[in-house]
Amino acid sequence: MSDEPQHSTTPVDANHPRLARGVSLHKDGRLDEAAQVYLEILSEAPRDFDATHLLGVIALQQGRFDTAQRLIKAALDANPQDVAAMGNLGTSYMRDGHLESAFQWFDIALKLQPDSLNALINAGTALHNMGRNHEAIPILRKAYAANSNSYIVCNLLGASLIKCGEAREAVELFEAATRADPDNAEGWANLSVALNAIGQHAQARECADKAVALKPQSSTAFGALGAAQFDQGRLAEAIESYRQGVALPGPSAQMLLEFGNALLASGLNEEAIEQLQRAVKLDEKNLTVRWAIALAHIKPICKSVADIAVSRREFAEAIDEWDSWYRSSD
């Protein structure tokens, strides 16, 4: 998905000079000026599809999702078959955190244009982000058949495959992604994770090092490095990499879980609980994280009988909390 405006099938020609001017400003990133042109058009033709749609795209680019959704829906009222507008509406819902609504619009667009690469990528992305990877894979395979050199397609398909336990095939896809865009740190981090999953830890470490070198402010890159170091038995180094990663913006629940497990392996239970609780806030339904929190209450070393009693009590309370949550979420 892109921030670039996805124009409708209606061509912009000499009969629409103001619209052409607005689109030119839009492409140049002069969003406020472009918006003013679109508003001028709408003052004379309130139901103009292109002006309404593209004004909604500007709102999307500026992060004003409610406005974007209102405007693009109004555009679709005027032209209900426009796939580009559907894609932009779905993207607005996606970025606003409403994945089900996003997928609904992407799915409609895909049914109208089943061979559209953009529609395939959008639908596959939404399914992947919802954790519905088994459904995402056939859609993304079709996108891959259409463009096997696309970094986005290779990366997305690889990410879905690894979630379904197909790490070896994912390695091939992530290798293709790094060939397509060798300067993209995310691709190298993903390749590191896949290599780690098939036991190629040294190669995984090399890829993670590349990811960190390309993007030193990437939590994903440090997470991949920490995982590779952990599986090489380099626990202290792994913990340091994880610490650097979780201090950066956007650490994932999976990375926080892995960091928590590394801390537990070092007997740093209190710090492990802190990181695992961060993971729960990001992924409340993650059973593995909640179980790890319960286990973290078992102290590795107790200096007295009183310490043993406290550890047992805290563990029992954590198990009760886990059981209560599990029953309520069933």
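The model is predicted, so local features are given at pLDDT of at least 70 and side-chain atom pairs at pLDDT 80 or more, while totals for chains, interfaces and linings use all residues. Residues are numbered from 1 along each chain as its sequence is written, and side-chain values use heavy atoms, leaving out hydrogens and water.

Let us start with helix α1, residues 17-27; helices are DSSP runs of H or I with at least four residues, numbered from the N terminus. Here L19, G22, V23, L25 and H26 are buried, meaning under 20% relative accessible area with a 1.4 Å probe and protein chains only. These residues sit on the same side of α1 because they cover an arc of only 160° around the axis, taken from the directions from the helix axis to the C-beta atoms. On the other side of α1, P17 and K27 are exposed, that is, over 50%. The cover over the buried residues includes α2 (31-44) and α3 (49-61), where contact means heavy atoms within 4.5 Å. After α1 comes G29, with a positive phi near 85°.

Now for the largest pocket, with a volume of about 1200 Å³. A pocket is an open set of points on a 1 Å grid where a 1.4 Å probe fits, with protein on both sides within 12 Å along at least five of seven lines; lining residues have an atom within 4 Å of a point. The volume is the space filled by probe spheres set on the points. Of its 34 lining residues, H128, A159, K163, N190 and T220 are closest to the centre. Helix α9 gives the most to this lining, with seven residues.

Conventions. Helices (H or I, at least four residues) and strands (E, at least two) are DSSP runs, numbered from the N terminus.
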